[in-house]
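User: Please take me through one chain of this model and its interface with a neighbouring chain, in questions and answers.

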Amino acid sequence: MELYARGRHLLRDQPGLVVVAVATLLLVGDLLGKLLGDGLTAARFGGFVWDGLVIGLLIGLAGIGLSLTYSILGFANFAHGDYISWGAFSGWAVAYLLAGIDRYAAGGLLLIGAGDGPAPGDVGVSITNTPLSIVAGLVVAVGFTVGISLLIDRAVYRPIRDADGITLLIASIGVAFALRYLIVFFFYSGRQGVTDISRVPSYDIGGVVINAHELTIVVIALVLMVGVHLLLQRSKLGKAMRAMADNRDLAQVTGIPVEGVIRTTWILGGGLAGAAGYLVVLTQGTIAYDLGWLLLLLIFAAVIMGGIGSVYGAIVGGLVIGLASRLSLIWLTGDLSSFAEPVAFGLMIFVLLFRPEGIFGGVSTA
Amino acid sequence: MSSDQFQTGRLTQFRELLERSDAALVLTAMAAFYLLFLGIGAILNYDVAGLISILGQVTFFTAVYALIVLALNLHWGYAGLFNIGIAGFMAVGVYTMAMLTAPPTGSPPGLGLPVAVGIVGGMLAAALVGLVTALPALRLRADYLAIVTVAISEIIRLTYNSPAFSTFTLPGGIALGTGGASGIGTVPSNPVQAIYYVDPSSAASGTTPIGAAIFGFFEAVFGVVRSAVIVDLTYGLVLAVVVFLVYTLLARVGNSPFGRVLKAIREDEVVAKSLGKDTNRFKIKTFMLGCALMGLAGVLWQGFGTGAVYPQAFRPELTFYIFIAVIIGGAGSNTGSVLGGAVFANLLFLLPQYLPNIIEQTFSIQADPNNFIAAVGPIAAGEIAPLLGYILNQRLPALRFVFVGVLLVYLMQNRPEGLLGHRTETAAAVNLSEGHTAAEQTGSDLTAPEGGVDDE
Amino acid sequence: MSSESAVDGVGEDSAAINAAGDSGEEPPLRVENLRKEFGGITAVDGASFEVADGSLTGLIGPNGAGKSTTFNCITGVQEPTGGAVYFNGSDIAGRAPNAIVNRGLVRTFQIARELAEMTVLENLMLAPQRQQGEALYRSVLPPFRDGVIEEETELREAVWESLEFFEIDHLAEEQAGNLSGGQRKLLELARALMTDPDMLLLDEPFAGVNPTLEAKLLDRINQLRAEEGLTFLLVEHDMDIIMEHCDPVIVMHQGHVLAEGRPGEIRNNERVVDAYFGEQR
Ligand SMILES: Nc1ncnc2c1ncn2[C@@H]1O[C@H](COP(=O)(O)OP(=O)(O)OP(=O)(O)O)[C@@H](O)[C@H]1O
Ligand SMILES: [Mg+2]
């Protein structure tokens with residue numbers, strides 16, 4: 001009786017949660033059936049999980065910045081995806097340059113093969129072949145994106161700092177399109193190969209094939225995340241940021257250096273976005289002017305799921321979204337595989353409708 | 001001296017006319033745009049048929065932009081609903097129309113229904129998708145609504161893009177399809193063709209009596225033998241009539257108790273509720289009506305206007321263009337929406353397409369480098385032509401996006417109310433002061449109305 | 001409905017009372033054990049009271065006593081944490097504000113919430129309930145639009161009458177945001193009355209209103225009670241008004257009802273005097 005009453009309450013108060021729980025149970029059951037039967041081999045399953053983790057970590061990495069700016073500056077930054085794209089293009093321009101400068105003209109390399117520049121197979125960038133150029137590219141990607149973020153904040157957002165969230169959001173859409181098509185102006189509008197996949201070693205771990213680039217991504221992403229954790233927990237500025245993410249107005253009256261915190265937020269968020277964009281190209285092997293935009297909705301999904309303002313939430317949300325989008329491929333086979341992305345978007349809409357404070361329930365952990 | 005004064009007097013009179021009469025404002029703007037593009041045609045040495053064609057284009061793009069901006073203004077300007085999934089709702093409208101009307105023998109096959117059924121079906125489908133979106137999403141904060149609508153628009157586009165529904169069979173064995181990434185090429189022809197051709201889908205089928213008369217007139221008077229430009233111009237004019245009808249419809253919505261509630265919701269939803277208004281119902285109805293109009297705009301623009309329906313036409317860039325147009329005009333004003341649509345369509349969309357030809361013709365630029373470095377390299381040697389060639393021939397569409405993005409930022413910083421958004425139109429079906437005199441009452445402790453307005 | 005509140009553990013015996021039929025007549029408004037918490041703060045802490053039909057009941061209490069929050073919970077602007085609110089016998093706690101207004105219970109806000117970018121006329125035209133033109137198709141389609149126009153014309157006359165009574169007719173075409181503080185309170189009251197309510201909750205309606213007009217408004221309130229049987233619940237800090245016009249008077253303190261009675265009794269109640277004037281002494 002007691003149980004029944006509780007169940008009825010849950011159904012009334014949290015209908016979304018109940019639906020999700022039931023659906024998850026059904027899917028897990030079906031998954032077990034598939035694994036035990038011969039619908040799905042363990043290796044294939046492992047492959048999906050690994051892919052999901054890799055993309056999930058990148059989404060989480062990029063999501064940290066979006067989450068922080070959302071809560072500290074009070075608007076959804078639709079240009080965040082294009083910061084990611086610029087991170088990718090700036091970083092890979094330099095990685096290309098360093099990897100091929102001994103054989104090719106600087107111009108074609110800097111434009112990552114635009115026009116009649118050298119082909120990726122000829123330049124041969126990969127973590128094993130040209131590790132230094134890859135690292136240098138990462139550093140530039142971070143630095144360049146930080147620069148862009150600060151510059152845009154100064155020129156665009158600071159003059160309208162006190163405007164409402166929608167005004168800022170619309171301005172950010174303007175920034176997004178300007179940034180995105182500046183890439184097209186300098187580089188190109190198609191999708192182009194970048195890394196030399198043929199020379200990337202891969203390892204077979206119990207049937208799951210993992211390549212060196214994916215390993216690199218996981219290592220770098222984890223290092224960056226730990227770094228952010230330490231920064232937020234240990235440093236004074238980090239504490240101020242957490243305070244502001246928690247309650248902006250309160251933080252303001254308690255004498256926190258608001259502009260300083262905002263600057264740090266952009267540095268952190270922009271830098272991580274740049275790194276994420278650079279690393280996305282490392283796993284995909286190709287680069288395109290709209291790669292950040294294509295990721296942005298997934299990142300929004302992660303951030304909203306994790307609770308806006310929460311750094312750890314963004315990371316967990318990223319992993320959930322990454323895994324969901326890859327694991328959905330277990331069911332979405334053949335022509336339906338094109339629905340992996342819509343599934344992730346759908347998941348986000350669901351969270352927004354039924355748990356707008358995030359799946360961890362509004363507890364800000366920063 | 002005195003003639004100068006006379007002229008300024010005329011000018012002020014004209015400005016007052018523009019401020020008083022919306023029709024005069026819109027007509028003046030359109031006259032200016034027509035003149036501008038006729039001038040461009042003249043510079044480019046177009047013949048009469050070419051000039052008619054350019055006028056047809058101006059009319060078409062002005063009308064379709066005005067139409068879609070009016071629909072968005074209903075959402076955002078009237079009800080404060082921040083919908084950035086416009087492209088998706090347009091796609092639903094035009095895809096539904098195309099799937100209902102495409103011939104069953106086509107590839108992908110359609111249902112072969114009459115065009116009118118297709119148009120109504122497209123609007124209904126868009127309204128239904130709007131309802132499905134609105135029912136849950138209207139409870140959300142404005143920024144969440146934005147994220148949800150843009151996600152839905154992408155889901156719609158990816159669904160149409162997916163090979164999964166490229167062709168499928170309905171229960172009952174009727175085949176149907178979206179055509180996947182390549183879309184639907186067999187869209188029914190523009191209904192205006194029926195006026196001119198015996199078989200509306202083919203210009204070769206022979207002309208109707210009306211067609212023969214009009215084509216004959218143009219041939220005799222202007223020497224125009226390309227009948228297609230006349231058909232296009234006619235379609236543009238039909239669209240202008242549609243815009244007028246939609247404008248009237250929305251003006252009625254605004255000037256009514258319904259519109260009054262929307263205005264109240266936009267300002268303070270709690271107050272609207274505390275005066276007994278079921279605000280959700282108002283918002284859902286408004287959202288659905290707006291979506292239906294977006295579906296209609298999709299049908300008239302990408303359906304009959306472009307003649308081919310494919311998923312890439314409904315990327316978020318389209319939504320972005322429409323948003324810029326509504327912000328230029330000023331959210332909240334229908335006349336502003338038409339003006340914003342006209343300004344965007346002509347100055348930001350069409351003009352850049354003619355600009356390269358004009359510049360190249362005037363400065364005779366031949367260079368056409370295919371990458372940025374090759375374009376800027378020669379500057380060291382004092383040659384600027386390669387850079388211009390690169391910009392004009394290779395990257396003008398990209399630069400247009402950059403420019404429009406910067407413009408949007410500028411507007412948000414300096415003129416978020418747009419051209420006419422500051423205007424206030426009273427939301428009532430009758431003149432509320434008729435028979436009463438508010439201003440003449442003495443004892444007013446407020447500043448005289450004139451002083452108050454001029455200050456701002 | 002009643003079983004649900006029993007599950008929540010509040011208003012335990014309300015169902016029983018309803019079923020058994022109260023000895024007297026059901027009062028228009030009955031609040032039972034109302035609670036409202038904001039995070040850690042308990043703004044309303046188990047308040048219970050009744051408002052009798054046709055009365056002008058006063059609700060007083062020091063700043064922060066929870067009066068406005070009680071109004072918000074009764075009118076659905078905020079969802080109560082617990083408790084029940086009965087209006088004409090049915091539980092309205094947690095219902096949408098518009099549903100409550102539709103039943104005839106209307107309120108004004110302490111800080112006037114005029115629709116600033118609408119004219120004074122538009123503000124008032126908004127208020128009448130069940131307007132034909134609120135249906136989209138009637139506002140738009142030609143055969144129905146004539147009826148809408150006719151109704152608008154009638155409403156216009158009623159609105160002007162109200163404006164003249166409240167002495168703000170000279171501001172009719174002004175944007176409501178341009179009004180002075182006192183004028184806004186008048187607009188708010190006029191707007192609430194335009195909804196044609198059965199009962200009005202007024203949150204400090206006379207703040208900033210000049211004394212002559214204040215007297216006129218009180219006369220009007222009494223006239224509406226006498227002629228149309230309206231019921232009023234009035235939050236007011238001006239003790240002269242309370243003592244002269246309100247009967248009974250309810251005193252709130254720290255979220256619950258401290259005392260209730262005739263003005264004379266309240267004035268001489270030790271606890272009320274302590275609570276009310278404690279901090280001033
Ligand atoms: N939205 C809110 N969030 C947090 N606390 C609130 C909120 N609204 C009211 N409170 C608190 O609840 C308490 C009661 O407030 P309320 O406005 O109901 O008092 P009141 O009796 O109307 O006072 P006054 O006479 O000053 O108008 C106060 O302590 C106030 O700070
Ligand atoms: Mg109060």
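Analyst: A polar contact here is a pair of N or O atoms within 3.5 Å, and within protein one atom must be able to donate a hydrogen and the other to accept it. The model is a predicted one.

User: How many residue pairs are in polar contact across the interface of chain C and chain B?

Analyst: The count takes pairs in which both residues have pLDDT 80 or more. Across the interface of chain C and chain B, the number of such residue pairs in polar contact is 25.

User: Which element gives the most residues to the side of chain C that touches chain B?

Analyst: Elements of chain C that give two or more residues to this side are α4 (97-102), α5 (120-126), α6 (136-140), α7 (142-165) and α8 (181-194). By class, the side of chain C that touches chain B has 23 nonpolar, twelve polar and 13 charged residues. With ten residues, the element that gives the most is α7(C).

User: Which residue of chain B forms a salt bridge with C:Glu122?

Analyst: The rule finds four salt bridges across the interface of chain C and chain B. In the salt bridge of C:Glu122, the closest N and O atoms are 2.9 Å apart. That distance is within the 4 Å cut-off, so the pair counts as a salt bridge. The partner of C:Glu122 is B:Lys263.

User: What area do chain C and chain B bury between them?

Analyst: The size of an interface is often given as the accessible area lost when the parts come together. In this interface, 48 residues of chain C are in contact with 43 residues of chain B. Carbon and sulfur atoms carry 60% of the buried area. The area that chain C and chain B bury between them is about 4,000 Å².

User: What share of the residues of chain C count as buried?

Analyst: Chain C has twelve helices and ten strands. It exposes about 11,900 Å², with 46% of that supplied by carbon and sulfur atoms. Of the 281 residues of chain C, the share that count as buried is 53%.

User: Is B:His75 buried or exposed?

Analyst: B:His75 lies in helix α3 (residues 48-79) of chain B. Its contacts beyond four places in sequence include B:Leu81, B:Thr286 and B:Met294. The relative accessible area of B:His75 is 0%, under the 20% cut-off, so B:His75 is buried.

Technical notes: Residues are numbered from 1 along each chain as its sequence is written. Chains are lettered from A and ligands numbered from 1 in the order in which they are written. This is a predicted model: local features need pLDDT of at least 70, side-chain atom pairs count only at pLDDT 80 or more; totals for chains, interfaces and linings use all residues. Side-chain values use heavy atoms; hydrogens and water are left out. Helices (H or I, at least four residues) and strands (E, at least two) are DSSP runs, numbered from the N terminus. Buried means under 20% relative accessible area, exposed over 50%, partly exposed in between (1.4 Å probe, protein chains only). Accessible areas come from the Shrake-Rupley method with a 1.4 Å probe; for residues, only the protein chains shown count as cover. Contact means heavy atoms within 4.5 Å. Buried area is the accessible area (1.4 Å probe) that two parts lose on being put together, summed over both. A salt bridge is a side-chain nitrogen of Lys or Arg within 4 Å of a carboxyl oxygen of Asp or Glu. A polar contact is a pair of N or O atoms within 3.5 Å; within protein, one must be able to donate a hydrogen and the other to accept it, and residues adjacent in sequence count only if both atoms are side-chain atoms. Ala, Val, Leu, Ile, Met, Phe, Trp, Tyr, Cys and Pro count as nonpolar, Asp, Glu, Lys and Arg as charged, and the others, Gly among them, as polar.
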